[in-house]
Amino acid sequence: MAIYLDNAATTALDEEVIQEMLKYMREDYGNPSSTHSFGRKTRAAIDLGRRKVANHINAEPGEIIFTSGGTEADNMAILCSVDDLGVKHIITSSIEHHAVLYPIEKLAENGKIRMSLVDVDEKGHIKLDHLEELLQTKEKTLVSLLHANNEIGNIIPLKKVSELCYNYGAFLHADTVQTIAHYPIDVKELGIHFMTCAAHKFHGPKGVGFLYISNQVKVNPIMRGGGQERNMRAGTENVYGIMGLVKALDLAYTHLDEQVAYIKDLKFYMIKRLREEMPDVQFNGDAEGDSLYTVLNVALPETDKTEMLLFNLDIEGIATSGGSACSSGSNIGSHVIAALNVAKNRPVVRFSFSKFNTKEEIDFTISKLKMIYELPVVN
Ligand SMILES: Cc1ncc(COP(=O)(O)O)c(C=O)c1O
């Protein structure tokens, strides 16, 4: 039995997405910059795709720049804010994704900005009163925060954060990589300046995403060359990737309600079953509160098998993650868990769900966990 419970790392491609992409691999392979019919066809497809993406998040098509994924979009938002918007101060938190933390740290190291970290409480929620304190500065400020944390699932009150930013004249970048296609997002209502997306988090292809840049801010390209993406990101478009992203986003938003209900039920089923079957289990973050319905971060009971736990699950065919899988599978301790005061000897496992998972898979996973812990398993 192969069980994939690592959907926050990446998701399986939807069959309809594969079919859509194949069309642009086999037949419609023209370069969108070519003026002949082949090129015009893929140009029209991308233009339509951009309009669809924009519609889903209530943006204007011109506010969507396709990128190679979440990391590039995050880097671009941060670097452009400093280069083009005069940002001298960036507020972020210690539990951000490295695609945000590392570029900010580098800018601070090079003396280009001052970096401030907003406090997080024991559940992993950012402290809004501290954010407000940090915003009280004359320096042009960018706030860069995850909409939902990819390791523990915590969701920030984005509207409140954006109101604070507005009151203090700060720019706001939200890494929405784990929330786009999983929640309704309305950029006009939220009042965000930059937002990032990666298609592989919602059954689309890897290596493609987008950056939303509000019309209210004018920034320059980082990649220079051809005039693609209306001069904002040079390089021949990843046509089949973009069309896969568009299809995956369409599917996600068409079936949003039923998928939210289905996946949420799986998460709460696992919480219940773990409480019943594993003594002294704890949940990191705010699992039953403001949290992604796709992510469950668990601190299992202390064991001398901590080191081998993920490996043992893997041997049983169960794919999970010990923290973030975004650092090339290396299982170095998670900076997010480190910030949360979780007992050091407890193995931490992130289970993350998709529409392709079932309750049977969860039961099987829990029975294997009990075997690893040598707890009695009743079949
Ligand atoms: C919250 C978050 N931001 C950014 C990224 C990076 O996205 P990508 O893998 O598309 O570069 C990831 C995940 O991998 C993520 O979970």
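Let's start with Ala 181, which counts as buried because its relative accessibility is 4% (buried means under 20% relative accessible area, exposed over 50% and partly exposed in between, with a 1.4 Å probe and protein chains only). Before going on, a word on what you're looking at: this is a predicted model, where local features need pLDDT of at least 70 and side-chain atom pairs count only at pLDDT 80 or more, while totals for chains, interfaces and linings use all residues. Residues are numbered from 1 along each chain as its sequence is written, and side-chain values use heavy atoms, with hydrogens and water left out.

Back to Ala 181: you'll find it in the loop between β6 (171-175) and α7 (187-190). Helices (H or I, at least four residues) and strands (E, at least two) are DSSP runs, numbered from the N terminus. Most residues other than glycine have a negative phi. Ala 181, though, has a positive phi, near 80 degrees. Asn 231 isn't a glycine either, and its phi is positive too, at about 70 degrees. Asn 231 sits in the loop between β8 (209-213) and α8 (239-254), and with 52% relative accessibility it counts as exposed.

Now for a pair of helices. The axes of α5 (residues 128-135) and α6 (residues 158-167) come within 10 Å and cross at roughly 20 degrees; axes here are lines fitted to C-alpha atoms, for helices over the stretch in contact, and angles run from 0 to 180 degrees between N-to-C directions. The two helices are therefore roughly parallel to each other (angles under 35 degrees count as roughly parallel, over 145 as roughly antiparallel, 65 to 115 as roughly perpendicular and the rest as oblique). On the α5 side, Leu 128, Leu 131, Glu 132 and Leu 135 make the contact, and on the α6 side Lys 160, Val 161, Leu 164 and Cys 165 do, contact meaning heavy atoms within 4.5 Å.

Zooming out, the protein is divided into domain 1 (3-11 + 256-372) and domain 2 (15-254), with bounds that come from an automatic or database domain assignment. Their C-alpha centres lie 27 Å apart, and 29 residues of domain 1 are in contact with 34 residues of domain 2.

Last stop: Ile 362, in helix α12 (residues 359-372). Ile 362 counts as buried because its relative accessibility is 0%. Leaving aside residues up to four places away in sequence, Ile 362 touches Leu 266, Tyr 269, Met 270 and Phe 353. Tyr 269 is 93 residues away from Ile 362 along the chain, yet their C-alpha atoms are separated by 8.2 Å.
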